Amino acid sequence: MRVGFFFGEVKRLYHDAFASLVFIGITAIFMSVLLNLVIGGYVYVGNITRRNSSYLKARVYLKEGTPQSIKNAFSLILRYNPYVDSIKFIDKKKAKTEFENNFPKFGDLIKLFESNPLPENYEVYLNYRLLNAKKLNELTKNIQRFDFVDEVYPQGLFVFKLYALEKVVYFILVSFIIIFFFILSMITRGSIKSSVEKKKDLIKVYWLLGGNTEDLIGPFQVAGVVAGAIGSILSSLIFYLVFKFFMIPTWMLLISPILTVFIVIIVIREVIELSIN
């Protein structure tokens with residue numbers, strides 16, 4: 001197909017089916033706004049969860065006089081536990097420094113004792129993706145069974161709630177992508193089908209004269225893609241500053257235009273091929 005004829009067909013489509021193409025563009029704007037909102041929400045909640053994940057930990061206090069060999073063996077046990085991300089051993093000197101930093105007004109209290117009363121302990125950082133409240137309770141009980149362990153205090157349980165929220169938003173995101181495909185496909189199919197019906201006789205004549213399928217599909221695809229892409233890109237531009245403000249990767253704004261273009265191309269091809277057959 002000659003380039004001039006191709007773009008002439010595209011121009012005629014915009015003239016004859018302007019309302020249908022605008023409707024595709026408006027639908028793309030509306031659906032892309034919602035999609036970007038859900039994507040942004042999912043990434044934002046995920047970022048909050050990861051930033052606070054270090055608060056999910058357990059303090060494991062050792063009994064006074066625990067031998068070094070026991071400490072070394074216990075370190076290996078903790079380090080190779082699948083629920084543990086990392087561990088940090090805090091000896092008496094570090095425990096004193098930590099107490100003085102956390103409670104500067106009461107730092108002199110330790111001087112009242114002949115020796116440092118603060119126990120040695122492990123700060124055990126936990127994997128919030130593998131754990132839940134029930135498993136953490138079991139892990140705490142298992143650690144507590146060791147004779148040399150005095151107390152175990154889990155901390156930062158709110159991280160589980162953040163991760164649960166992240167999973168809910170992820171489910172919403174996946175569901176909405178499916179809805180996005182369905183609605184945009186339905187609108188595109190209906191809009192293009194009405195335009196194809198008006199040109200059905202012309203399409204069949206062109207086909208019978210040996211016209212190429214791609215020559216028939218091309219102008220419709222270009223017209224539909226431009227309308228849909230403009231709509232979804234406008235939506236992405238609206239969210240650009242919002243994503244920047246909440247430190248969400250801006251490349252994710254490309255998801256809705258890419259999905260839109262993909263859907264429009266596939267649906268238009270399907271409609272044209274059905275009209276030929």
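**Close-ups of a predicted model**

**View 1. Here are the residues around the second largest pocket.** Arg 59, Tyr 61, Ala 95, Glu 98, Phe 99, Asn 102, Phe 103, Leu 118, Pro 119 and Asn 121 make up its lining. This is a predicted model, where local features need pLDDT of at least 70 and side-chain atom pairs count only at pLDDT 80 or more, while totals for chains, interfaces and linings use all residues. Residues are numbered from 1 along each chain as its sequence is written, and side-chain values use heavy atoms, with hydrogens and water left out. A pocket here is an open set of points on a 1 Å grid over the protein atoms alone, where a 1.4 Å probe fits, with protein on both sides within 12 Å along at least five of seven lines; lining residues have an atom within 4 Å of a point. The space inside comes to about 160 Å³, taken as what probe spheres set on the points fill. Two elements, β1 (57–62) and α4 (92–102), each give two or more residues to the lining, and α4 gives the most, with four. Helices (H or I, at least four residues) and strands (E, at least two) are DSSP runs, numbered from the N terminus.

**View 2. Now for the largest nonpolar core, with its 30 residues.** A core like this is a set of buried Ala, Val, Leu, Ile, Met, Phe, Trp, Tyr and Cys residues joined through side-chain atoms within 4.5 Å. Buried means under 20% relative accessible area, exposed over 50%, and partly exposed in between (1.4 Å probe, protein chains only). Leu 35, Phe 180 and Ile 192 have the most contacts inside this core. Helices α2 (18–52), α6 (158–198), α8 (213–245) and α9 (255–276) each give it two or more residues. Beyond its neighbours within four places in sequence, Leu 35 touches Leu 173, Phe 176, Ile 177, Phe 180, Ser 256 and Leu 259 (contact: heavy atoms within 4.5 Å).

**View 3. Last up is a cluster of rings: Phe 74, Phe 89, Tyr 122, Phe 146 and Phe 148.** Rings of Phe, Tyr and Trp (its six-membered ring) pair if their centres lie within 6.5 Å; planes under 30 degrees apart are stacked, over 60 edge-to-face, and the rest tilted. Of the structure's 13 aromatic pairs, Phe 74 with Phe 146 is edge-to-face, at 5.4 Å centre to centre and 70 degrees between the planes. Phe 74 sits in helix α3 (residues 68–79) and Phe 146 in the loop between α5 (133–144) and β4 (149–155), 72 residues apart. Phe 74 counts as buried because its relative accessibility is 2%, whereas Phe 146, at 29%, is partly exposed. Phe 146 also pairs with Phe 148, this time tilted, at 5.3 Å and 35 degrees.
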